[in-house]
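Hi,

Here's the structure I promised to send over. Have a look at it first, and then read on for what turned up when I went through it.

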Amino acid sequence: MKFYDTTCQECPFHQTAGSYTLGTTRYCSGFPGRKPKRFPRSAPKFKPPKWCPRRLSPAVCRVFGFKDEESEWLEFLLRQDNRRRPCPLSSHYSPRMEVPTGLTAKQFYTSVKEECLSQIIPGLDVRPGEVICIDDGLKPYYFYYRSDYEISPLPGFNPTKAR
């Protein structure tokens, strides 16, 4: 799996002023109640800077659990049919737990293959079939939890339906 970094050009708060012949100035208007902040010349051209208002530091690990027993039973039946590729329905989940973590999504994904999930993030209680989200504020990544050593990426999980 590839983990793509978001760019400032994708952000709705990114603004540019000026012309390309004379040079452009970039601004970030993501600070509520303040005027837009100007990017210094030393700021990275594409990656969000450390002071980005959308960035969460440290990253957050969220666990989406089942809404009720019927949802859990239906996901169990779907898991039996689709053993290779999970296809959970977002509407069957609700946020259950949130724990701060210092890992990026890529670090989390590679470390689960090497060691147990309970050693990576202490205090995290996850059951098979639940969804784990690693969110740095810029781009959340979702993973389907099968066991302590096996997770699968979920590109189509919609957290707005899981409320």
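This is a predicted model: local features need pLDDT of at least 70, side-chain atom pairs count only at pLDDT 80 or more; totals for chains, interfaces and linings use all residues.

T25 sits in strand β2, which covers residues 23–28. Leaving aside residues up to four places away in sequence, T25 touches Q15, T16, A17 and R38.

Now for the overall layout. The protein chain has three helices and eight strands, and going along the sequence they come in the order β-β-β-β-α-β-α-α-β-β-β. How spread out is the chain compared with a compact globule? Its radius of gyration is 19 Å, while the globule rule gives 15 Å for 163 residues, so the chain is more spread out than a compact globule. Along the principal axes, the C-alpha atoms fill a box of roughly 60 × 30 × 30 Å.

- Buried residues make up 39% of the 163 in the protein chain.
- Of the contacts with a separation of 6 or more, 61% are between residues 24 or more positions apart.
- The accessible surface is about 10,500 Å², and carbon and sulfur atoms account for 52% of that.
- There are 26 positive and 17 negative side chains, with the centres of the two sets 15 Å apart.

On to the salt bridges. Searching the whole structure gives six of them, and here are some I looked at.

One of them pairs R62 with E98, at 3.2 Å from N to O. R62 belongs to strand β4 (residues 60–66) and E98 to strand β5 (residues 93–100), so this pair ties together parts that are 36 residues apart in sequence. Are these two side chains' residues buried or exposed? R62 counts as partly exposed, with 22% relative accessibility, while E98 is exposed at 52%.

Then there's R127, which has a salt bridge to E72 at 3.9 Å, N to O. R127 is in the loop between α3 (117–120) and β6 (131–135), and E72 is in helix α1 (residues 69–81), so this bridge ties together parts 55 residues apart in sequence. R127 is partly exposed at 37% relative accessibility, and E72 is also partly exposed, at 31%.

R127 forms a salt bridge with E130 as well, where the closest N and O atoms are 3.5 Å apart. What is the relative accessible area of E130? The value is 0%, so E130 counts as buried.

If you open the model in a viewer, R127 is a handy place to start on the salt bridges, with E72 as one partner and E130 as another.

Cheers

Conventions:
Residues are numbered from 1 along each chain as its sequence is written. Side-chain values use heavy atoms; hydrogens and water are left out. A salt bridge is a side-chain nitrogen of Lys or Arg within 4 Å of a carboxyl oxygen of Asp or Glu. Helices (H or I, at least four residues) and strands (E, at least two) are DSSP runs, numbered from the N terminus. Buried means under 20% relative accessible area, exposed over 50%, partly exposed in between (1.4 Å probe, protein chains only). The radius of gyration is taken over C-alpha atoms; the globule rule is 2.2 Å times the number of residues to the power 0.38. Contact means heavy atoms within 4.5 Å. Accessible areas come from the Shrake-Rupley method with a 1.4 Å probe; for residues, only the protein chains shown count as cover. Lys and Arg count as positive and Asp and Glu as negative; His and the chain ends are not counted. The place of a charge is taken as NZ of Lys, CZ of Arg, CG of Asp or CD of Glu.
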